[in-house]
Amino acid sequence: MFNWFRRQFNEKESSEQPPQTVEETTPVEVETTETPQTPQDDYLSWAKTAYQNIQQRKETTTEESNQTKEVSIELKAAEVATQTETKVPAWMRKSEALDKLKATAIETPQVEEDKISEAKPLSLDEDFIWSAKILADQGRSPDDISQEEIDWLKKLRQGLGKTRRGLINQLKAVVGQGPLNEDAVMTIESLLLQADVGIEATETIIETLQAKLKEEALPPEEAIAYLKTILQDILDQPLQNQNNDDFVPEKDTFNIWLVTGVNGAGKTTTIGKLAHLTQKSGYNCIIAAADTFRAAAVEQVKVWGERTNTPVIANPGKNTDPAAVVYDAISAAKSRNSELLLVDTAGRLQNKKNLMDELAKIRRIISKQAPEAKIESLLVLDATLGQNGLRQAQVFSEAAQLSGVVLTKLDGSAKGGVALAVAQQLNLPIRFIGVGEGIEDLRPFSSYEFVEALLNG
Ligand SMILES: Nc1nc2c(ncn2[C@@H]2O[C@H](COP(=O)(O)OP(=O)(O)O)[C@@H](O)[C@H]2O)c(=O)[nH]1
Ligand SMILES: [Mg+2]
């Protein structure tokens with residue numbers, strides 16, 4: 001099982017594998033050739049090895065592949081049989097062969113169809129190689145890469161396409177021209193502001209870049225590499241005041257994640273995607289439907305609960321107290337030994353004071369009912385709103401003691417630069433990003449991958 005929070009396969013599972021299959025899943029070794037390889041060759045062979053290992057893992061873990069093997073063994077046996085039956089009259093052999101053909105013709109395509117619907121086709125294409133390079137550069141080994149990681153990086157790259165095409169490509173062109181004159185600085189400034197990077201982060205970027213380029217003339221490639229490190233530093237800066245670098249639900253602890261944000265930001269969708277991600281990463285999860293302000297909100301959470309096979313605690317009554325729902329959810333979580341409770345909250349109340357009071361009340365209930373719990377409070381921000389979203393964020397940061405941000409809808413936005421504004425202006429780390437409405441379209445945030453997808457897509 002691939003643990004998305006730790007970005008590795010869960011250890012428990014690998015040790016549980018019977019020894020016979022271990023032999024089969026032994027990672028493919030990179031072929032060592034005596035001639036020195038160029039970095040491109042290295043990446044390509046890394047990608048090929050990762051590709052082969054993913055294929056191999058798929059074959060050894062899916063039941064379908066066992067069926068295929070059986071069928072192919074049968075087919076071979078049938079072939080042998082026809083070969084040995086040479087003494088049988090020609091007309092008989094023909095019909096027998098036809099029967100066999102019919103039998104296998106029905107069987108084989110079925111297996112293939114199953115396989116296709118079960119797993120997405122994987123091909124060693126440009127997307128795969130790009131994603132593989134990103135993983136290789138982070139020191140990952142080609143034998144513990146999951147296909148999902150490749151799929152995700154592909155999505156991330158596509159999701160950031162609008163921002164990249166609109167602005168970042170031009171930025172690359174300017175930065176890549178050598179020392180920055182005043183014109184260049186102005187161009188960079190306006191490009192960053194258009195991508196909603198925000199004034200503060202834009203200033204930091206330009207100052208740092210200029211200082212470096214005054215020190216030494218960097219060739220275009222290196223100037224861009226340097227720009228990438230500046231962006232990554234800005235994104236990572238808020239992590240310095242956090243003790244949870246990777247946002248991982250702690251094992252053997254009761255984790256409670258409060259999900260806040262204005263209406264339509266994507267809270268409920270994020271909760272659904274998070275429930276899916278935590279379940280499939282090996283955690284036991286439960287949801288509290290504490291947005292009781294709108295009746296439809298509870299129904300929406302329930303749909304996600306069904307989709308992800310996650311229990312949802314809700315109160316069917318009208319205008320019920322959200323804190324009471326959270327109270328019930330904590331009891332339910334404890335009796336089920338849940339490791340993670342996700343709390344959906346209302347995005348809009350009669351006024352700002354009500355909203356803040358309600359969030360404060362929920363937090364009080366949590367502290368009282370689950371003092372041992374590790375509480376995190378996530379603010380969901382719609383990237384398409386750019387800087388406007390940040391202003392709303394201020395209200396929540398006062399009320400909810402935020403520990404991080406979920407940036408949604410990057411796929412529909414040319415304002416992907418807002419990630420940098422979040423880090424710089426709110427001083428909050430981005431914990432997850434959403435690049436689509438689908439269940440797989442949300443993953444933990446990686447500043448490295450984000451910047452690569454933004455500048456090197
Ligand atoms: N394109 C895109 N749409 C999203 C994303 N996240 C959420 N949405 C959509 O945004 C809309 C509002 O989401 P919802 O979860 O109901 O927001 P809430 O009011 O904060 O709970 C829905 O139509 C979602 O499908 C995303 O990452 N990309
Ligand atoms: Mg909602």
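**Conventions**

Two residues are in contact if their C-beta atoms, placed from the backbone, lie within 7 Å. This is a predicted model, in which local features need pLDDT of at least 70 and side-chain atom pairs count only at pLDDT 80 or more, while totals for chains, interfaces and linings use all residues. Residues are numbered from 1 along each chain as its sequence is written, and chains are lettered from A and ligands numbered from 1 in the order in which they are written.

Leu342 touches Trp257, Val259, Ile271, Leu274, Ala275, Cys285 and Ile287, leaving aside residues up to four places away in sequence. Together with Val326, Val343 and Val422, Leu342 touches the most other members of the largest nonpolar core, which has 104 residues. Helix α17 (residues 418-426) supplies the largest share of this core, seven residues. Such a core is a set of buried Ala, Val, Leu, Ile, Met, Phe, Trp, Tyr and Cys residues joined through C-beta atoms within 7 Å. A residue is buried if 20 or more other C-beta atoms lie within 10 Å of its own, exposed if 12 or fewer, and partly exposed in between.

**Helix α15**

Helices (H or I, at least four residues) and strands (E, at least two) are DSSP runs, numbered from the N terminus. In α15, Leu355, Glu358, Leu359, Ile362, Ile365 and Ile366 are buried. They lie on the same side of α15, because their arc around the axis, taken from the directions to the C-beta atoms, is only 120 degrees. These buried residues pack against elements including β3 (255-260), α14 (322-335) and α16 (387-400). The face turned away from the buried side carries the exposed Lys352, Lys353, Arg364, Ser367 and Lys368.
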